[in-house]
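Visitor: I would like a close look at one part of this chain, the sheet. Please take me through it strand by strand, along with the loops beside it.

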Amino acid sequence: MVCLNMEINRYHFPGYFLRPSSSGEWSHLIGGDCKLPGAIFPGSNKALIQIASLDLTDSRLSDLGLSTDVLPLLYGGACAAGEGRLCYSVKGGSIQILEYQEGAVYDDFPYSNYPVAFEGVSASLHLLTAQEQAVFTQLNCCSDDDWFELTQVKHQDMSLPQHMVGGEPYLIGGVENASVCPTCAQPMALLATGGNAAYVDSRGFLGNDFVQLVYEFCLKCSTVVQNIYSD
Ligand SMILES: [Zn+2]
């Protein structure tokens, strides 16, 4: 695995774990229904799956500069978009789908009887310690010779995709240069990652613990790009 030179703003703000919590000061969610108009897979009536919703009134996320109070992290689920890239923007309190993978709606993807939505779980942001961030950076930059020992033995828990916001998460598909914003051509910042754990629903968001959703964000025009990777 090769660690590429990062774009300056790729890791724009400190990293946080997004974990279930009943005592959070903010209204972050894991799962839940996306209430914003427009969160529908184009060409079908199926709602996009919300794997998390970030409360942007949390001052730790104010640098994102969105004019809306919530930022849903969306996934195509049983639609073909579930297999590929999805781009959207959140403006004026509604979702605009900008790019998606065309194709069928599946009966058994990511698994049979896939939910139309997941129950929402209150969640909080937990700042990564310097040691935790150093482990993720090490996992991203390790040599092919060290990869198995580090990811499968020494830091097995840390190498499993999970819900994180900001920072430099472990990227199971490998470190790539920042995407170019499909709307305004600026390099995008790493916004968040999503893992399989849906907490109150043991079936999970992705049907596989080794699949990871990676969300990038354009600080200039607020476009969100979601990509999906597996190891
Ligand atoms: Zn942009």
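Guide: What follows is a walk through the sheet, its loops and the core.

First, some ground rules. This is a predicted model, so local features need pLDDT of at least 70, side-chain atom pairs count only at pLDDT 80 or more, and totals for chains, interfaces and linings use all residues. Residues are numbered from 1 along each chain as its sequence is written. The term pLDDT is the predictor's confidence in each residue, from 0 to 100. The mean pLDDT of the chain is 89, and 95% of its residues reach 70 or more. Over residues 4-8, the pLDDT falls below 50. Beyond near neighbours in sequence, that stretch has six contacts in the model. Two residues are in contact if their C-beta atoms, placed from the backbone, lie within 7 Å.

Now the parts list. The chain has two helices and eleven strands. Helices (H or I, at least four residues) and strands (E, at least two) are DSSP runs, numbered from the N terminus. Along the sequence the pattern reads β-β-β-β-β-β-β-α-α-β-β-β-β.

Next, the sheet itself. Eleven strands form an open sheet, in the order E4-E3-E2-E7-E1-E8-E9-E10-E11-E5-E6. The pairing is antiparallel. Two strands pair if DSSP finds at least two bridges between them. At the edges stand strand E4 (70-75) and strand E6 (94-99). Each has a single partner strand, so one side of each is left without a neighbour in the sheet.

E4 pairs with E3 in the antiparallel sense, over six bridges. Here Gln-50 stands opposite Leu-74 in E4. Strand E3 covers residues 49-55, and six of its seven residues are buried. A residue is buried if 20 or more other C-beta atoms lie within 10 Å of its own, exposed if 12 or fewer, and partly exposed in between; C-beta atoms are placed from the backbone. E3 also pairs with strand E2 (residues 28-30), antiparallel, over two bridges. In that pair, Leu-29 stands opposite Ser-53 in E3.

Ala-78 lies in the loop between E4 and strand E5 (86-91). Ala-78 counts as buried, because 22 C-beta neighbours lie inside 10 Å. Ala-78 and Ile-49 are 29 residues apart in sequence, yet 8.9 Å apart in space, C-alpha to C-alpha. Leaving out residues up to four places away in sequence, Ala-78 touches Lys-46, Val-105, Tyr-106, Phe-109 and Tyr-114.

One of those contacts, Phe-109, has a feature of its own. A cis peptide bond joins Phe-109 and Pro-110, with omega about -5°. Pro-110 sits in the loop between E6 and strand E7 (121-127).

Move on to E7. Val-121 lies in this strand. Val-121 counts as buried, with 20 C-beta neighbours inside 10 Å. Its C-alpha atom is 8.4 Å from that of Ala-198, which is 77 residues away along the chain. Again leaving out residues up to four places away in sequence, the contacts of Val-121 include Leu-29, Tyr-199 and Val-200.

Tyr-199 deserves a stop. Tyr-199 is found in the loop between E9 and E10. Tyr-199 has a positive phi of about 65°, although it is not a glycine. Tyr-199 is partly exposed, with 16 other C-beta atoms within 10 Å. Ala-189 stands opposite Phe-217 in E10.

The next loop lies between E10 and strand E11 (223-230), and Ser-222 is in it. Ser-222 also has a positive phi, about 70°, without being a glycine. Ser-222 counts as buried, with 20 C-beta neighbours inside 10 Å.

Finally, the core. A nonpolar core is a set of buried Ala, Val, Leu, Ile, Met, Phe, Trp, Tyr and Cys residues joined through C-beta atoms within 7 Å. The largest one has 57 residues, and those with the most contacts inside it are Leu-18, Leu-74 and Tyr-215. E10 gives the most to this core, with five residues. Leu-74 touches residues including Cys-34, Leu-48, Tyr-88 and Gln-226, not counting residues up to four places away in sequence.
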